[in-house]
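These are my notebook entries on a structure that I looked through residue by residue. I recorded charge pairs, surface patches and backbone details in turn.

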Amino acid sequence: MSTYAQQTAENVTLPTSLDEAVAALAAMPSAVPVAGGTDLMVSVNAGLLRPAALVGLGRIAEIRGWQYADGAALLGAGLTHARMGRPDFAALIPALAAAARSAGPPQIRNAGTLGGNIVSAAPTGDALPVLAALEASVILAGPEADREIPVSHLLTGMDPLRPGELLAFVRIPLLHAPQTFLKATGRTGPGRAVASVALVVDPARRQVRCAVGAVAQVPLRPLEAEQWVAGLIDWDGERTLAPEACTAFGEYVAAACIPDQPGVELPPAAVQLRRTVAALSRRALGRALA
Amino acid sequence: MSVIDGPGAVAESLAGGGTPHGIGSSLPSADAPAKTQGTYPYAADLWAEGLLWAAVLRSPYPHARIVRIDTAEAAAMPGVRAVVTHEDVPGDAMHGRRVADRPVFAKDMVRHHGEPIAAVAADHPDTARLAAAAILVEYEVLEPVTDPEKAFAAEPLHPDGNLIRHIPLRFGDPDAVGEVIVEGLYRVGRQDPAPIGAEAGLAVPRPDGGVELYVASTDPHADRDIAAACFGLEADHVKVVVTGVPGALGDREDSGIQLPLGLLALRTGCPVKFVATREESFLGHAHRHPTLLRYRHHADAEGRLVKVEAQILLDAGAYADASSDALAAAVAFAAGPYVVPHVFVEGWAVRTNNPPSGHVRGEGALQVCTAYEGQMDKLAAKLGLEPAEIRMRNVLATGDLLPTGQTVTCPAPVGELLKAVRDADLPPLPDGDDESQWLLPGGTSGAGEPGAVRRGVGYALGMVHVLGAEGTDEVSTATVRVHDGRATVICAAVETGQGFTTLARQIVQEVLGVEDVRVLPSDTDQPPAGPAARGRHTWVSGGAVERAAKMVRTQLLQPLAAKFGMSVELLTIADGKITSYDGVLSTTVAETLDGKELWATAQCRPHPTDRLDDTGQGDAFVGLTFCAIRAVVDVDIELGAVRVVELAVAQDVGRVLNPRQLAARIEAGVTQGVGLALMEDLRAPRGVVKRPSLTGYALPTALDAPDVRIVKLVEERDVVAPFGAKAVSAVPVVTAPAAVASAVRAATGRPVSRLPIRPQAAIVKPQT
Ligand SMILES: Cc1cc2nc3c(=O)[nH]c(=O)nc-3n(C[C@H](O)[C@H](O)[C@H](O)COP(=O)(O)OP(=O)(O)OC[C@H]3O[C@@H](n4cnc5c(N)ncnc54)[C@H](O)[C@@H]3O)c2cc1C
């Protein structure tokens, strides 16, 4: 008896609208959505995943661009890293553009999407600290009514994607102020983050928000350090900081993200990671408030 | 990108007009169009009607006793056609390239993570994998020995014991002391050859009971002999057919794939195909020896070396493979291309439960280069000399003695090489105003900050031997055939991408004046040519092709010469025309052949060498080659990120045979060296390989590869080598890591004693 035929049968649907996609998922609960496939197909090729059916999201035009809505941008989940890296997008959300430009080699950036990055929720997902610092929210389309939740709730698993739900849009407040994303990698060429820092200045709320990626399962927000540094800034004046303040901020962030373990010495790798986070945070703040 | 400048360089053959041909021209590779178009056939692309797929079950443990293997469930799965274990090996149970100490399938012990235990053939690759996973193996897990220093005292991991080889080298006076002494401890990590194409193969059973293996073998006859012995067949019942080789940096093939493949084909009577996953590729094939090196250098007040003492410990992994050869090179070149009157080295290669080590380009020579060049930097610092200057005061030259007592008889223009890289212009600093043009260490992701970047310049001198050492019978055979105004070369030397077939075509063009030269694919029906390693094929196979072509030339010209009453030497062939020295005779090759075919077969076998004796003495090497590299690096001293800006290379090449190919070999070599210096290290804590993937194991990308500037190619002919040429591929790999380390030392003031250089080792003023 041959086992050849039964394993090659695969079912692929290519809907052209969100509604169709949601319906396709509802019709085939075992189907898996695929956008750029740059995460999913790696698992398939490695034999870790054998989806019974696929729902391709690549033809859904409504999620491949962005629009404005009340001082925020509504980004389609199907935006590719390559698209987000372009200058028009960079003028809008500079930190997300910087993250997109650093997310892998060009071939991957041409295919990989914002939605895939969020749903994969890898610790090294480059968009994730930026979304955390921006306090973005995600709009999920499902068989019942659409719902909107903070991105952090999705990433932490507090409020996970429900069966049959698709990530449709990402809502990001437009801040019209400096923002930065810095990523340390193991080589000069494209690579996964060893650590990354996203930092945004929010003049309206008089906040500096910072998120550190790749050092934990989800991006970390050093809230106390954020508040401390926001208090040093003259929001009505120059909005600059002395280099010493930037250095202290870096140390503060690093100690918060890679905390001391009571009674034990930090292992050398953790010391190094802490140094890296401190340097990145200092540089990020310095560039935002130079 | 590479730039060739400087005197004696090689551009003229490109400017000459017409299609390049003959020795010294940049004849392009005949495979290039097929490779760029994706039609070049690699083993993974092969297909046979009715083929089965193989999967190999590998040990998840680095060290365990096998209590029981039960294949019943796997064998009963639908689609499964055969399951084989150690019980199904009809011939020799043990094999090895140098020592037969490795089982085809583990029987009662597994000695490294990934060791093959069983193999399955099924009608679908997934079925085969699932069946392999369904084989029940009961293990008694044992404590792995993973620290090579502990291997000496540990329980034997193998019936042959844990010490694979010990070489104590004694040269000169042990009591000699210098006025200045520096000590250092150096470590080199585990580099994986990471070929672009993972291992793959197709085995096809033959009606006569034999089997054909279609694999990317780099040493087809040796692989055939091992396979035949394990299959219990005569050698002529096993044929290895070499497919396209997707990258080779040493002994490419993993016998843990070839042997199960052949066994399964013989067992099922069907063709069987196997394509390794990247993970299996990392687990199965041989790696560069992780090495621990302790050094003490003595010098006088002027910086002249007095004595070098070293202890060198190679981690061989579980099986001997090529460790003995690697150790010989490490010990013999322990002091580098320097004159040292007194040298005392203890070298050991020991067995551990770490991933297997073996022949990877420049083995042994690379690790010691890292250490002795680190020592030279230390001496320079201690004596207040420039790093280039202290090296210059000690360079080796022709006529000097190696610490093995062998006299260097070949060209050894070490001082000239060093001078060339030292005097070359430094790359300009980036324009401070335009930071966007500056590719900072850490890359394009924006983390780099110009204010934290320090530039450093460092030097290294490397050496490596050409051809197998210590009495290896180096020989190759080639056949040249001329017919219809064309020529064909038949030689089992494998084209691994190193350019042998291009070189063979150039040689025939040069000798016979025939433009259209083809080189047939290699298989074991041809006479043996030996492994594609250590620059052998440039020498022995190139030499054999030249001789065969000359014999054909004589056959072609003799009747003409006799007819015109002149000697063959007075006739020349060029562009398909034969002319006499005085211009009286002029005819064409085609006319002279008159429809006949001419064939000749010849061998090349260089002079024999000795095994190093029990004090490390002996004339162990046929030839030596040298290289000087000046590295310029930028270091972000807060993040510890390093970018190699430029490597200026000067190399001793004997004679430039193909300028463009030579430049490509140097670029490839230094890039591999940069990978080892900065990122490549296959981590295996407690013997278990971590992240065996191309995401987990970072390789240099185009952005990591530095500008390679070939500032000088010294063309001093090696009179015993065919065309006077030296092999070119290995010595840049050997030298580049040490040069990068030296430059990072200069930029940071840190000792940098471990490769790859970790970020924490390149940070200045670490905040605690
Ligand atoms: C070589 C390589 C390098 C990489 N480098 C980086 C890097 O530097 N930084 C980085 O962040 N990432 C990197 N990645 C990972 C990957 O490219 C990104 O995470 C990318 O954003 C994933 O998007 P995708 O569209 O390809 O996702 P897919 O692979 O299509 O999907 C990923 C997962 O998300 C689900 N999914 C996708 N879209 C939706 C949706 N709209 N609704 C619900 N579920 C959805 C899929 O079902 C799947 O589970 C790299 C990947 C590769 C192969």
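**Entry 1: A buried arginine and its partner**

I began with B:Arg58, which is buried, with a relative accessible area of 12%. I note at once that the model is a predicted one. The cut-off for calling a residue buried is under 20% relative accessible area, so B:Arg58 qualifies.

Which residue forms a salt bridge with B:Arg58? I found B:Glu280 as the partner, with the closest N and O atoms 3.3 Å apart. This pair links distant parts of the chain: B:Arg58 is in strand β2 (residues 52-58) of chain B, whereas B:Glu280 is in helix α8 (residues 278-284) of chain B, 222 residues apart.

I looked up the total and found 61 salt bridges over all chains in a search of the whole structure. I examined two further pairs in chain B.

In one of them, B:Arg351 forms a salt bridge with B:Asp101, and the closest N and O atoms are 3.1 Å apart. B:Arg351 belongs to strand β18 (residues 342-351) of chain B, and B:Asp101 to the loop between β5 (94-95) and β6 (102-103) of chain B; the pair is 250 residues apart and links distant parts of the chain. Are these two residues buried or exposed? I recorded both B:Arg351 and B:Asp101 as buried.

In the other pair, the side chains of B:Arg294 and B:Glu149 meet in a salt bridge, at 3.2 Å from N to O. B:Arg294 lies in strand β16 (residues 291-299) of chain B and B:Glu149 in helix α5 (residues 148-151) of chain B, so this pair ties together parts that are 145 residues apart in sequence. Here I found partly exposed residues: B:Arg294 has a relative accessible area of 37%, and B:Glu149 has one of 38%.

I next turned to chain A, where salt bridges that share partners join A:Glu135, A:Asp202, A:Arg205, A:Arg209, A:Arg221 and A:Glu226 into one network.

**Entry 2: Backbone angles**

I stayed with A:Glu135, which has a positive phi of about 55° although it is not a glycine. I placed A:Glu135 in the loop between α9 (127-134) and β6 (137-141) of chain A. A:Glu135 is partly exposed, with a relative accessible area of 35%.

A:Asp70 is not a glycine either, yet has a positive phi of about 50°. I located A:Asp70 in the loop between β4 (66-69) and β5 (72-76) of chain A. Is A:Asp70 buried or exposed? I recorded A:Asp70 as exposed, with a relative accessible area of 80%.

I also looked up a peptide bond in chain B: the bond from B:Leu755 to B:Pro756 is cis, with omega near -10°. B:Pro756 is in the segment after β30 (754-755) of chain B. Why did I write these cases down? Most residues other than glycine have a negative phi, and most peptide bonds are trans.

**Entry 3: Charged surface patches**

Which residues form the negative surface patch? I listed A:Asp19, A:Glu20, A:Glu62 and A:Asp146. Of these I followed A:Glu20, which lies in helix α2 (residues 18-27) of chain A. A:Glu20 is partly exposed, with a relative accessible area of 41%.

B:Arg187 is in strand β11 (residues 180-188) of chain B, and is partly exposed at 38% relative accessible area.

**Entry 4: A record and a distance in chain B**

I consulted the UniProt annotation, an unreviewed entry, which gives "domain: Aldehyde oxidase/xanthine dehydrogenase a/b hammerhead" for residues 37-143 of chain B. Over residues 37-143 the chain is 14% helix and 36% strand, and the end C-alpha atoms are 50 Å apart.

Lastly, I looked up B:Gln651, in strand β28 (residues 641-652) of chain B. B:Gln651 is buried, with a relative accessible area of 0%. The C-alpha atoms of B:Gln651 and B:Ala48 are separated by 46 Å, and these residues are 603 apart along the chain.

Notes. Residues numbered from 1 in each chain as written. Chains lettered and ligands numbered in written order. Predicted model: local features only at pLDDT ≥ 70, side-chain atom pairs only at ≥ 80, totals over all residues. Heavy atoms only, no water. Patch = residues over 30% accessible without salt bridge, like charges linked within 9 Å, V, L, I, M, F, W, Y side chains within 5 Å. Areas by Shrake-Rupley, 256 points an atom, 1.4 Å probe, with all protein chains shown as cover. Salt bridge = Lys/Arg side-chain N within 4 Å of Asp/Glu carboxyl O. Lys, Arg positive; Asp, Glu negative; His and termini not counted. Charge placed at Lys NZ, Arg CZ, Asp CG, Glu CD. Helix = DSSP H or I, 4+ residues; strand = E, 2+ residues; numbered from the N terminus. Buried < 20%, exposed > 50% of the residue type's maximum accessible area, 1.4 Å probe, protein only. UniProt positions renumbered as here; feature names shortened; annotations may be inferred.
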